[in-house]
Amino acid sequence: MASCTSSQVARFFLAVSCLLCLAAVSNVKALSTFVTVSQDGGPLALKVDKDGTYKVTIDGTTWLESHNTFFTIDGTMYSTMDGSLKVSTGPMMHSGVNPRLGSFEEIDIIWEAMDPKTTKIMTSFQVYSEVSAVVFTQNFTLGGLTGTSCGDKNGLSTGFPTFKVAETMKKDLGYLAYGELFLSLQSIGNWMLPVKVMGSGLYSAPLTLFNRTKHTMVLSPFKEFMVSSMVFDDASDAIMQGIMGMIAEIPKDFVHQTVVYFGRERSIKNSMYEWGHTLLKQYNTVRYKQKDVTLNYIGYWTDGGAFYYYNTELNKTYEQTLIDVKAEADRLFIPYKYYQLDSWWYFKGIAGGVKNWTAMPSVFPHGAGYLHKQLGHPFAAHNRYWASDTVYAKKNGGKWNFIVEKEKAIPQDTEFWDYLLSSSKKEWGLTLYEQDWLNDEFEGLHCTLENVTVARKWLMDMGQAAMVNDMTIQYCMPMARHLLQTVEIPHMNQARASGDYHPGNGQWNIGLSSIIYHALDIRPFKDNFRTNSADEHHPKYGSEPVPFLQTVIAIYSTAPVGPSDSIGFTNVTLLNRTMSSDGLLLQPSRPMMAVDGYMLNIAFPGENIGVTGLIWSSYSNVSGAIYGSILSIDTYATIKVYPNDVDLEMLQPSVAYLDQRSDDTIQMFDDTHPIILMPSSPDKFQLWQTAPTFMFRNQTWAILGEVEKLVPFSPKRFQSTEISDSDIILQLMAGPREQINIQVMTNSMLWMVTCHTDMAGPLEVHIMDKNSYKCQN
């Protein structure tokens, strides 16, 4: 037996069933030696031996093998490594069905600890037939555990599953690891590296392993995300998953799960999307996005880095300043559909936490409701951690249940959240609740680190109130556990994907974090930005050196687009490239993300695999046709790329052209015709667009789309395309009083379709031949 330390702790896991009586299950089979269970028709398999050790194999080759199973009981760790934890019953195997993920084969083991009570704990493995996944379960139906804390918040109180990469696979596996806030720690490398950098403990995150042919495995929590941690132990080179280290007690019937998912496609990102889809399917999650004004329309932001962040017009209040912002927007025809209020607007208490989430009179002299009426649009509003003197807590004379500690407090009352959000919506037009400082609230309280239910209830109650009140939530300063927890919170549909924006600080680099966000169907928000490089004479911030890049990444993130210039400095021409005349954001089908080749090149250096430099891609899918976008931001040499190099799965040959240079750069782009990416940098980046070709009237055609826009063929604009013998039909969504210019290629000739609208709504375009078309409202 040994005391619990962070290097001995583990976490990670998934599953669905809780077996109470193995003897009562008719198809339970005792396994005398070992068992191997394979996915039906797939390469993933699990081998479990009678001593409780296990291996995960792909096509018969071991990728992962077990390390050490352990549980902390009354302050002492009992483990398989030192012999103080042994198999009591099993392995036992039986079949089962998950109503959402389908059939599985389950292997159960009952462990016995060598403590005075001879405590018994069940662990299980579920190998799915229809889903390429193995779920690992810690099941406490036989009894809870006391004294489980190991005294280290970055350690583990329990460890199952725990893995080591098979020695024969180390040189053949690369990894993508995340950590820290916003998943801002992004590490790519080869598993043979003696030092591997990845999030561990409280700041751990899903881990991705891949080989040279892009076969990919993802390890992550699957249930009880807020108390799950992964610890990577450098000394043993082990990946350990389990329940986080400060948890004081694990109640009876508690179930914790980890999943190992193996991608069906030879693609790193697509395998990660499959993993995310499996989580979303398990929790029946459908994100609330269609009616979210902040995801669909442009808005004005006052967040960190904005000109009016803790800064107003000279000798004016925030109320007067925002009214002036609205007046200028009207004059310039900038159709802001909401306004964001950051932390400057409400009352602070002890340690800078929230005392009262209402507007200070010095900020809005006539109240938030008055300003809402003056602006004529709703608010997205910031909130931070709760102060211990918050007026809402019963301890301080309020009406609601809070756990109150020395400096911070946390609500544990569903009715509180309903009151907060419903009254704010009714009285002053709240549409998006922005919960910032998530890590401070979670890490700054004993109760969230020591109790298995408090943190989850905090987020679930918030999410339930958002659903009831038909509004949405944005997370800011999230840890990976917060993002994973949102598979149970469909009205949390967006989250910050990088640190605070300050002009020139490079926080636009969200190409890797966006992969995880997109996999979980969360829109990755890059934060606000300035559209102009001119000196705005801000008392704290300098000027923005790359406003064009900021704008490109904002629209391609598929998250809010939040300009934050001072009055008189907004680049309206640039903003107009992101939207229709009514402010509808013309976004792609998925976020712009780093290409697989970028990860391959780093993980297998010197092998001439992948692409060198920061290259991202995205696409718009309209009627099954792929309109690609390729962003080259930081490349130090000329690079030749084909569609597969930039993760564009095109069904037919395409043309490609540089943004705003279709006239002189258009060329073929397919498996035999590459494009040449020239050396690039943030201030001299390249944005390439692609469009599929097709035959019509015995000629080669391509509809390039709105080449004046940053996303030329956005599905927000182009609803569908249809090609018949007589015409090409485009179904569009138009804004009011809008001129829509659609560039077309017929053979090698470029020409323009131009339509005008008076009212917003559907627009149908019929193209009969070259330079022959009609527009129908």
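These are my notebook entries on a few things I looked up in this predicted model.

**Entry 1: the whole chain**

I started with the overall picture. The chain holds 14 helices and 48 strands. I then asked how the radius of gyration sits against that of a compact globule. For 777 residues the globule value would be near 28 Å, and the chain has 28 Å, so the two agree. Along the principal axes, the C-alpha atoms fill a box of roughly 85 × 70 × 45 Å.

I also looked up burial and surface. Of the 777 residues, 62% count as buried.

**Entry 2: helix H4**

I moved on to H4, which spans residues 368–375. Which of its residues are buried? I noted Ala368, Gly369, Leu371 and Leu375. These residues lie on the same side of H4, because they cover an arc of only 160° around the axis.

I wanted to know what covers them. The cover includes two helices, H3 (318–332) and H5 (414–428). It also includes the strands E23 (339–341), E25 (354–359) and E26 (379–383).

**Entry 3: Thr431**

I picked out Thr431, which lies in strand E30 (residues 430–435). Is Thr431 buried or exposed? Its relative accessible area is 16%, and the cut-off for buried is under 20%, so Thr431 is buried.

I then listed its contacts, leaving aside neighbours within four places in sequence. Thr431 touches Val293 and Thr294, then Pro378, Phe379 and Ala380, and also Met471 and Thr472.

**Entry 4: strands towards the end of the numbering**

My last stop was strand E47 (residues 761–769), which I followed to two partners. With strand E44 (residues 728–734), E47 runs antiparallel, and seven bridges join them. Within this pairing I found Leu732 with Leu763 of E47 as its bridge partner.

With strand E48 (residues 772–776), E47 is again antiparallel, this time through five bridges. Here Ile767 stands opposite Tyr773 in E48. How many residues lie between E47 and E48 in their hairpin? I counted two, and Asn771 in the turn has a positive phi of about 60°.

Technical notes
Residues numbered from 1 in each chain as written. Predicted model: local features only at pLDDT ≥ 70, side-chain atom pairs only at ≥ 80, totals over all residues. Heavy atoms only, no water. Pairing = 2+ DSSP bridges. Helix = DSSP H or I, 4+ residues; strand = E, 2+ residues; numbered from the N terminus. Buried < 20%, exposed > 50% of the residue type's maximum accessible area, 1.4 Å probe, protein only. Contact = heavy atoms within 4.5 Å. Arc of directions from axis to C-beta. Rg over C-alpha atoms; globule rule 2.2 N^0.38 Å.
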